[in-house]
Structures are given as C-alpha cells and as structure tokens.
Amino acid sequence: MVLDSIGVGLIGSTTDVFQLALQHCQHTYAPHDISSVYGRRGTRLSPTLAAFVNGVATHSMDFDDTWHPATHPSGAVLPAVLALSDMMPANNKPSGLDLLLAFNVGIEIQGRLMRFSKEAHDIPKRFHPPSVVGTLGSAAACARLLSLDPSQCSHALAIAVSLSGAPMANAATQSKPLHIGNASRLGLEAAMLASQGLEASPLVLDAVAGVAGFDAFYSNYMPQPLESPFGDDHVFLLEEQDMGFKRFPAHLGMHWVADAAASVHKLLVGIGSGTVSPFQVHDILLRVPHSKYINRPYPESDHQARHSFQFNACSALLDGKVTVESFTPSAMTRPDLLRLLSRVRVEHPQDNPANFDQMYGEVQVTLVGGDILKGRCDTFYGHWRNPLTNESLRKKFRNTAGVVLPPEKVEGLMAAVEELDRLEDCTPLLSQLQ
C-alpha cells in the first residue's frame with residue numbers, strides 16, 4: 001500500500017490538476033504575509049490563513065449574527081473579502097462600494113440556497129449551516145471581488161461544494177468556530193482555484209436524480225431558476241429579511257429563555273430583598289423547542305454553556321441578564337447558579353417548533369411557598385422582527401472592539417464602516433483592523 005500510494009502520487013504530479021493545485025499553493029501560501037489578523041498589531045498571514053483565523057475569531061464566542069433560514073452569514077464572508085482586499089496591490093484596492101457589493105453577494109448566495117430547502121429553515125441537526133452555505137457565500141463574494149467571468153463563478157461555487165460540510169456533533173466545542181474559519185478560507189480558495197482555471201461540475205447546485213450534489217447537505221433541497229440581477233430593480237434578500245444580532249455571546253435560541261427568565265427575575269426582586277436567592281425557588285420549568293444540542297443541564301465549559309437552555313435561563317434568573325462575564329469560570333461555578341440548575345425541568349410543547357422564526361421561550365418558577373411566576377418571550381430584542389437600533393449596534397461594537405483596540409481605533413473603524421460606500425478604496429478600513 002505504501003509503495004503503491006507513493007507511485008501513484010509521483011505519476012499524479014504530472015497532471016494538469018496537480019499543476020493547478022501547486023500554483024495555487026505557491027501563490028496563496030506564499031511567504032509574503034500580507035493580510036491582517038484581527039486585533040494583532042504587526043501580525044499578518046497569507047490571505048487564506050488570515051481568512052481562517054479571523055473567521056474563527058468571529059464565531060469563537062457565538063456572538064456573531066444569525067439569519068433565517070438558520071445560519072451565521074457574515075463570519076464566513078467578511079474575513080475572506082477583507083483578506084483578499086489586503087492581497088490586492090495598493091494602487092488597485094477595491095472601493096468601499098465594491099467591497100460592500102461583494103459582501104452582499106456572499107450573503108445573498110447563502111440566503112437563496114437555504115430558501116430552496118425546508119430542512120434549512122429549522123434549527124440544524126445534521127450539518128452546521130455556515131460550513132455548507134457559508135463556504136459558497138465566501139466563494140461567491142471572492143469571485144465578485146476578483147471579477148471572475150460567469151463560467152469561472154460557476155466553477156468557484158461548484159469547487160466550494162466539494163470543500164463544504166461539518167457535523168453538528170461538534171457544536172458546543174472548540175471545534176465549532178473552525179467551521180466558519182474553514183468556510184471563509186475554503187471559499188476564498190475555491191474562487192482562487194477557479195480564477196486559475198480549475199473546473200468543476202456546472203450541475204452541482206442542480207437537483208440531478210441519482211447523483212448527489214448540493215442536495216447531499218439538505219435532503220429536501222429543490223432548486224428553482226433565478227433571474228440574473230441585472231438592472232436597478234433587483235431586490236437583495238437583506239432588503240426583505242433583516243438580520244438577528246445578539247446582545248450576549250450565546251446560541252441564538254438562548255436569547256428567548258434569557259429574556260423570559262429576566263422578566264421573572266424582576267418579579268422576584270420586587271417581592272424579595274432586592275436579590276434572587278436559590279433558596280426561594282422550588283422548581284424551574286422551561287418550555288422550549290426540542291433541539292438536543294442546546295439541551296445541556298450541566299454545561300462543563302463555556303462553549304457548552306453558550307449552548308444550554310438551562311444555563312442561560314438560570315443566569316438570567318439569578319442576575320437579571322446574561323453578559324460576556326456570565327461565561328467566565330468564576331460565574332459558571334457559583335454555588336447559587338449550580339443550585340438553580342439542579343431545580344430545572346424542560347418541556348417541549350408541540351406549538352414550539354425548533355425554528356428561529358416561530359419558536360418562543362417560557363420560564364415558570366415555582367417558589368418554596370407555592371407561588372408560581374411566569375415569563376415568556378416570543379421575540380427578543382435583537383431578533384429580525386425586533387432589530388437592534390443603530391445606537392445599540394454602536395454600543396455593542398464599542399464594548400466588543402474596545403476590549404482589544406484603543407478608543408481612537410474603535411471610533412476610526414466605526415467611521416470607516418459608516419462611510420464605506422463613499423470610500424474610493426477600502427484602505428481606511430483595512431488599516432484599522434489591528
């Protein structure tokens with residue numbers, strides 16, 4: 001086996017596809033480190049590796065945006081677009097509008113593909129969506145920024161399908177952020193390979209009987225023809241469907257139970273001593289959708305806690321809110337929190353589907369004296385039906401970016417983003433990332 005494998009590898013080094021792959025690696029992984037790494041002044045990597053680590057950073061706390069059908073669209077696209085922009089010559093940087101258009105194309109592709117599948121509308125069970133549609137979104141955005149022709153764009157998307165997919169079993173682990181890092185990196189690589197002439201099946205996004213393509217990821221995938229977006233009357237999905245932005249770093253489903261529990265906290269504080277004691281509480285009942293990977297009674301890590309209905313409900317019940325600090329080791333091991341966790345039961349009502357557009361969170365607390373307090377959240381603040389205001393988004397950005405960057409860079413980044421569509425090139429944005 002060893003001898004045979006070496007032999008076929010040696011003869012394989014004479015093929016056209018090997019030569020294309022070699023050229024790709026020599027260009028993409030060249031020793032010239034040119035693309036910025038978030039928050040690391042003076043650190044630069046090759047474009048694909050920068051796209052990877054910045055994608056990992058984006059999803060490392062599960063603090064990034066969420067769309068419907070369910071995916072995290074920005075983290076798979078923006079790091080790739082920024083890394084590719086860094087790679088371009090100083091006298092030929094994309095304009096801010098070019099960068100925005102490429103980013104929007106990457107978001108659009110993800111949304112269009114997911115709307116072809118009923119399975120994609122629900123909280124995922126098999127594949128983590130960013131590892132599937134995110135890779136294609138990254139490829140599409142980079143293809144746009146590279147000005148690939150229609151045939152090359154088709155090949156970029158088809159190549160990306162071969163580089164897609166990660167299982168939900170790795171949710172709530174340190175490996176989950178790798179899904180978005182890989183989606184960003186591999187989408188960029190797919191576009192670069194297509195730009196160098198690598199080809200793939202033009203039918204991979206179609207439903208071809210007997211031959212699995214993109215439908216391998218979504219069992220009920222039924223693609224429909226799409227009109228080419230020429231002219232001024234094209235409507236992007238972002239114009240029809242707003243984005244969900246998180247107020248605290250956890251799985252989107254946690255925001256329903258946290259807000260419901262926070263409303264019970266207010267009631268408890270009102271009838272008690274101003275604080276919540278677990279000794280007041282006899283029983284906690286959560287009514288939430290059935291979704292196995294976010295039903296974690298006793299999380300053992302911050303990643304598991306970010307995917308635990310029980311933990312987020314009890315944190316909000318105890319403190320009145322969930323914050324970045326809620327997931328620190330000292331907060332997670334508080335005796336009062338552990339006592340509350342031991343009192344939690346979970347029910348899955350039939351009218352509460354595992355769907356971010358239809359679910360609700362309900363928290364019912366039975367006190368030691370027998371009184372029952374209830375809180376319910378149908379739409380939390382930050383959901384696309386109740387979006388964060390621009391001021392709330394700016395406040396979140398100052399709080400997140402301010403942990404790493406000095407105030408002047410934080411404000412400079414905000415100004416660059418807000419003026420992006422008017423910038424002749426995107427250098428003012430790129431220069432503020434470290």
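Predicted model: local features only at pLDDT ≥ 70, side-chain atom pairs only at ≥ 80, totals over all residues.
The structure holds zero disulfides.

**Stop 1: cysteines**

Select Cys-153 and Cys-142. The closest cysteine sulfur to that of Cys-153 is the one in Cys-142, and at 11 Å it is too far for a bond. A disulfide needs the two sulfur atoms within 2.5 Å. Cys-153 is partly exposed, at 25% relative accessibility. Next select Cys-377 and Cys-314. Here the sulfur of Cys-377 has its closest cysteine sulfur in Cys-314, 17 Å away, again too far for a bond. Cys-377 counts as buried, with 6% relative accessibility.

**Stop 2: helix α7**

Select residues 150-161, which make up α7. The helix has twelve residues and reaches 17 Å from its first C-alpha to its last, close to the 16 Å expected at 1.5 Å a residue. Colour its buried residues: His-155, Ala-156, Leu-157, Ala-158, Ile-159, Ala-160 and Val-161. Which helices do the buried residues of α7 pack against? Show α5 (96-114), α6 (133-145) and α8 to see these partners.

**Stop 3**

Follow the chain to Ala-172, in the loop between α7 and α8. Its phi is near 65°, a positive value in a residue other than glycine. Most residues other than glycine have a negative phi. Ala-172 is buried, at 4% relative accessibility.

**Stop 4: the loop between α3 and α4**

Select Asp-62, which lies in the loop between α3 and α4. Asp-62 also has a positive phi, about 55°, although it is not a glycine. Is Asp-62 buried or exposed? At 2% relative accessibility, Asp-62 counts as buried.

The side chains of Lys-176 and Asp-62 meet in a salt bridge, 2.7 Å from N to O. Lys-176 lies in helix α8 and Asp-62 in the loop between α3 and α4, so the pair ties together parts that are 114 residues apart in sequence. Lys-176 is buried, as is Asp-62.

Stay in the loop and move to Pro-69, which is found between α3 (47-59) and α4 (74-87). The peptide bond leading from His-68 to Pro-69 is cis, with omega near 0°.

**Stop 5: strand β2**

Select Leu-45, in strand β2 (residues 44-45). Leu-45 is partly exposed, at 24% relative accessibility. Leaving aside neighbours within four places in sequence, Leu-45 is in contact with Asp-33, Ile-34, Ser-35, Val-37, Ala-50 and Val-53.

**Stop 6**

Select Glu-391 and Arg-394, which both lie in helix α15 (residues 390-401), three residues apart, about one turn of the helix. They form a salt bridge whose closest N and O atoms are 3.7 Å apart. Glu-391 is partly exposed at 48% relative accessibility, and Arg-394 is partly exposed at 27%. Elsewhere, salt bridges that share partners join Arg-287, Glu-347, Glu-362, Arg-376 and Asp-378 into one network. Asp-378 is partly exposed at 40%, and Arg-376 is partly exposed at 42%.

**Stop 7: a surface patch**

Finish by selecting Leu-203, Val-208 and Val-211, which make a nonpolar surface patch of about 240 Å². Val-208 sits in the loop between α8 (176-195) and α9 (237-240). Val-208 is partly exposed, with a relative accessible area of 31%.

Notes. Residues numbered from 1 in each chain as written. Heavy atoms only, no water. Patch = residues over 30% accessible without salt bridge, like charges linked within 9 Å, V, L, I, M, F, W, Y side chains within 5 Å. Areas by Shrake-Rupley, 256 points an atom, 1.4 Å probe, with all protein chains shown as cover. Salt bridge = Lys/Arg side-chain N within 4 Å of Asp/Glu carboxyl O. Helix = DSSP H or I, 4+ residues; strand = E, 2+ residues; numbered from the N terminus. Buried < 20%, exposed > 50% of the residue type's maximum accessible area, 1.4 Å probe, protein only. Expected span 1.5 Å × (residues − 1). Contact = heavy atoms within 4.5 Å.
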